[in-house]
Amino acid sequence: MRHCLALDLRDDPALIAEYEAYHRSIWPEVRAHLHAHGVTGMEIYRLGTRMVMLMETDDARYDAEAMAAATRGDPKIREWEELMWKFQAPTPWTPEGEKWVAMERIFEL
């Protein structure tokens with residue numbers, strides 16, 4: 001299944017450059033965590049401070065709630081998420097307490 005999510009970055013060119021540098025070489029534990037929870041592919045695009053993530057998942061293995069629980073229980077993944085929050089900001093439409101927000105599909109060909 002394909003998921004399309006949005007998130008903003010803090011409006012600071014130095015922070016954005018640092019964020020992108022981290023994503024050119026994500027930690028191996030993060031990659032393993034994503035694969036272990038059924039994420040088969042992921043791309044992140046940026047326009048200014050707005051980011052859009054396209055995530056492909058294996059429906060037989062992917063469970064967003066289970067992945068979130070595993071994230072909370074893994075110190076290394078929590079460390080990555082806390083580090084990333086230094087650069088990230090919720091969109092104006094993101095529910096309280098969330099990071100990424102699912103985008104609504106309005107067209108498909």
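**Notebook: helix packing, an aromatic pair and pockets**

I started with I26, which sits in the loop between α1 and α2. The model is a predicted one. Setting aside neighbours within four places in sequence, I found I26 in contact with R31 and W80. I also looked up I26 against M84: 58 residues separate them along the chain, and their C-alpha atoms are 11 Å apart.

**α1 against α4**

I next took the helix pair α1 and α4. Their axes lie 10 Å apart and the packing angle is about 150°. Angles over 145 degrees count as roughly antiparallel, so α1 is roughly antiparallel to α4. On the α1 side I listed Y19, Y22 and H23; on the α4 side, W80, L83 and M84. I sorted this contact by class and got five nonpolar residues, one polar and no charged ones.

**α2 against α4**

Then I turned to α2 (residues 28-36) and α4 (residues 75-85), which pack at about 105° with axes 9 Å apart. That angle makes α2 roughly perpendicular to α4. I noted E29, V30 and H33 as the α2 residues of the contact, and K76, I77 and W80 as those of α4.

**α3 against α4**

For α3 and α4 I read an angle of about 95° and axes 5 Å apart. These helices are therefore roughly perpendicular to each other. From α3, the residues T71, R72 and G73 meet P75, I77, R78 and E81 of α4. I counted two nonpolar, two polar and three charged residues in this contact.

**Aromatic pairs**

I searched the whole structure for aromatic pairs and got four. One that I followed up is Y19 with F87: the ring centres are 5.8 Å apart and the planes stand at 65°, so the pair is edge-to-face. Y19 belongs to helix α1 and F87 to the loop between α4 and β4 (88-89), so I logged the pair as linking distant parts of the chain, 68 residues apart.

**Pockets**

How much space lies in the largest pocket? I noted about 1,200 Å³. Its lining runs to 41 residues, and those nearest the centre are L34, M53, M67, E81 and W100. I listed the elements that give two or more residues to this lining: β1 (2-9), α1 (13-24), α2, β2 (39-47), β3 (50-57), α3 (64-73), α4 and β5 (101-102). By class, 21 of the lining residues are nonpolar, ten polar and ten charged. E81, among the residues nearest the centre, also takes part in the contact of α3 with α4.

The second largest pocket has a volume of about 260 Å³. I wrote down its lining as R2, H3, C4, L54, A102, M103, E104, R105, F107 and E108. Which element gives the largest share of that lining? I found that β1 does, with three residues. The classes are five nonpolar, one polar and four charged.

How values were computed
Residues are numbered from 1 along each chain as its sequence is written. This is a predicted model: local features need pLDDT of at least 70, side-chain atom pairs count only at pLDDT 80 or more; totals for chains, interfaces and linings use all residues. Side-chain values use heavy atoms; hydrogens and water are left out. Axes are lines fitted to C-alpha atoms, for helices over the stretch in contact, and angles run from 0 to 180 degrees between N-to-C directions. Helices (H or I, at least four residues) and strands (E, at least two) are DSSP runs, numbered from the N terminus. Angles under 35 degrees count as roughly parallel, over 145 as roughly antiparallel, 65 to 115 as roughly perpendicular and the rest as oblique. Contact means heavy atoms within 4.5 Å. On a 1 Å grid over the protein atoms alone, a cavity is a set of points where a 1.4 Å probe fits but cannot get out, and a pocket is an open set with protein on both sides within 12 Å along at least five of seven lines; lining residues have an atom within 4 Å of a point. Grid points are joined across faces, edges and corners, and a volume is the space filled by probe spheres set on the points. Ala, Val, Leu, Ile, Met, Phe, Trp, Tyr, Cys and Pro count as nonpolar, Asp, Glu, Lys and Arg as charged, and the others, Gly among them, as polar. Rings of Phe, Tyr and Trp (its six-membered ring) pair if their centres lie within 6.5 Å; planes under 30 degrees apart count as stacked, over 60 as edge-to-face and the rest as tilted.
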